[in-house]
Amino acid sequence: MFAFWHWILQVTGIANESGKWYAFWSGIGADFAEGAIFLSIVGLYHRHKCQSCWRPALKGGLGKVEGTHYETCHKHTNKDDHEALKQEHALKHPAMHEHLNREQA
Ligand SMILES: [Zn+2]
């Protein structure tokens, strides 16, 4: 176990800087916590975001592009946009596209 820690300290280059231990660990810990929160917010946003722009997607599946997992905002719910997204989806995720289409058939 000691050898392991010794190795960690060597690798991270802080072997002789014990005074910086606290700053090092609290810094890393805070970064992890903040990063996790940040990522979950970004993840939520991306999952419910318009496929064509930065706006959030319409609620209640109103902006859903048929046959895909894409969602759009009120600005991109017209037929042309959805048709274009459908084609893009078919190109990017051929397997999933097939699967989704079969589910709806
Ligand atoms: Zn949009």
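pLDDT is the predictor's confidence in each residue, from 0 to 100. I began with this score, as the model is a predicted one.

**Entry 1: confidence.** I looked up the chain average and found a mean pLDDT of 78. Of the residues in the chain, 71% reach 70 or more. I then compared the elements: α3 has the highest confidence, with a mean of 93, whereas helix α1 (residues 2–12) has the lowest, with a mean of 70. I kept a caution for my reading: where pLDDT is low, the predicted coordinates should not be read in detail.

**Entry 2: elements and packing.** I listed the secondary structure and recorded 4 helices and 0 strands. Read from the N terminus, the order is α-α-α-α. I next checked burial and noted that 12% of the 105 residues in the chain are buried. Among contacts with a separation of 6 or more, 17% join residues 24 or more positions apart.

**Entry 3: S52.** I located S52 in the loop that lies between α2 (21–47) and α3 (79–92). Is S52 buried, partly exposed or exposed? I classed S52 as partly exposed because 18 other C-beta atoms lie within 10 Å, and a residue counts as buried only from 20 or more. Leaving out residues up to four places away in sequence, I found S52 touching T72, H76, D81 and L85. I also took the C-alpha to C-alpha distance from S52 to E71, which is 8.8 Å across 19 residues of sequence.

**Entry 4: E98.** I placed E98 in helix α4, which covers residues 94–104. E98 is exposed, since I found 12 other C-beta atoms within 10 Å, and the class takes in counts of 12 or fewer. What is the C-alpha to C-alpha distance between E98 and G67? I read 8.5 Å for E98 and G67, which stand 31 residues apart in sequence.

Conventions: Residues are numbered from 1 along each chain as its sequence is written. This is a predicted model: local features need pLDDT of at least 70, side-chain atom pairs count only at pLDDT 80 or more; totals for chains, interfaces and linings use all residues. Helices (H or I, at least four residues) and strands (E, at least two) are DSSP runs, numbered from the N terminus. Two residues are in contact if their C-beta atoms, placed from the backbone, lie within 7 Å.
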